[in-house]
Amino acid sequence: MLRVLGLDLGTEAVYRLMLEHPSWGVDRLAQALHTDRPAVTRALDTLADLALLRSTPTADTSDGVRLVPPRAGLGALLERRQNELARTQLEIDASRAAVDDLLSEYTALGRDRLDGAVERFTGDESVRRLQADLTDRARGELLALAPTTVSGGGPWELDVTLHLDLLARGVTVRVLHLDSIDGTPERRRAVRELTRAGAEIRTLPSLPLHLRIVDGSSAVLPLDPGDPGQGAVLLREPGALTGLRALFTHLWDDAAPLQDADGEPAAPDAYSPQERALLRFLAEGLTDEAAARRLGISLRSERRMISGLSARFGAHSRFQLGLQAARSGLV
């Protein structure tokens with residue numbers, strides 16, 4: 001309880017016992033605490049260092065020392081600790097400001113601030129830094145249109161390690177990409193790794209542009225969708241963000257569940273938490289409307305999820321879907 005003031009558990013035990021029995025010596029204290037003399041001596045040294053003990057010439061005290069009255073001794077420690085914390089907070093605030101300045105300088109490469117809510121970035125490296133900084137800032141949700149899917153290529157590809165960190169922090173990650181997973185086996189494995197970690201991934205035959213939306217408050221998209229290598233624009237305008245999120249939602253509702261690199265249904269451990277929840281709700285007998293409400297999605301999205309799950313399981317009815325899901329250990 002007094003650790004924050006510098007007293008470990010052993011020292012605090014000695015201190016409390018001395019408050020009850022101020023005349024006890026080291027041996028008596030050690031006996032009462034079921035410890036040895038050196039341990040009590042170390043505790044007394046700590047109490048002296050904290051100015052909770054003072055020397056006394058009288059012989060009726062604990063080996064020539066006397067406790068400083070608790071109100072004075074502990075009060076002084078509290079005030080000292082509070083001052084230390086205040087200085088530490090000032091140092092933290094100063095460090096935070098320095099970090100913010102450093103990050104601003106880091107992401108300033110190629111930046112052209114058009115106004116407070118719109119910034120333009122040119123060059124691959126500036127776009128890559130912007131993507132990493134924006135992704136790392138996500139606290140609740142990251143939505144991505146990603147015609148290219150994983151790291152290793154241009155600045156618009158998803159950084160798998162960074163997104164796995166987001167998922168570990170509980171951030172919702174939804175990714176729309178093309179229905180063919182192109183590239184190397186490593187690239188395909190990375191997609192499956194994201195899915196296993198909880199990312200929700202759907203596919204479409206085509207996507208209009210690259211896009212990232214973070215927490216509904218920031219969005220980044222190419223300066224020229226036809227040539228995304230030219231640069232990016234960062235938007236914070238509420239109206240533009242509402243429109244971009246509506247675009248993502250519309251495309252998401254039309255998208256198909258992720259298929260693996262060979263075109264086969266994803267393995268059971270690759271089903272998203274949302275899909276597992278839907279299967280559980282269906283097993284519990286909930287209607288489509290009730291399941292959609294519980295999931296926080298539209299009825300259209302819920303029915304599309306059922307269609308996708310049925311296709312993946314090869315089920316031809318809700319009952320058969322529930323049976324197959326149970327056999328797979330998903331419910």
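**A hairpin and its neighbours**

Modeller: Strands E8 and E9 form a hairpin with 3 residues between them, and Asp215 in the turn has a positive phi of about 55 degrees. This is a predicted model, in which local features need pLDDT of at least 70, side-chain atom pairs count only at pLDDT 80 or more, and totals for chains, interfaces and linings use all residues. Residues are numbered from 1 along each chain as its sequence is written, and side-chain values use heavy atoms, with hydrogens and water left out.

Biologist: Which residue in E9 does Arg212 stand opposite?

Modeller: E9 covers residues 218-222 and runs antiparallel to E8, with 3 bridges joining the two. Strands count as paired if DSSP finds at least two bridges between them. The residue in E9 opposite Arg212 is Val220.

Biologist: Which residue stands opposite Ile213 in E8?

Modeller: Strand E5 (residues 141-145) pairs with E8 in the antiparallel sense over 4 bridges. Opposite Ile213 stands Leu143.

Biologist: Are the residues of strand E8 buried or exposed?

Modeller: Buried means under 20% relative accessible area, exposed over 50%, and partly exposed in between (1.4 Å probe, protein chains only). Leu211 and Ile213 point one way from E8, while Arg212 and Val214 point the other way. All of these residues are buried.

Biologist: How many helices and strands are there in the protein chain?

Modeller: Helices (H or I, at least four residues) and strands (E, at least two) are DSSP runs, numbered from the N terminus. The protein chain has 331 residues, of which buried residues make up 41%. The count is 12 helices and 11 strands.
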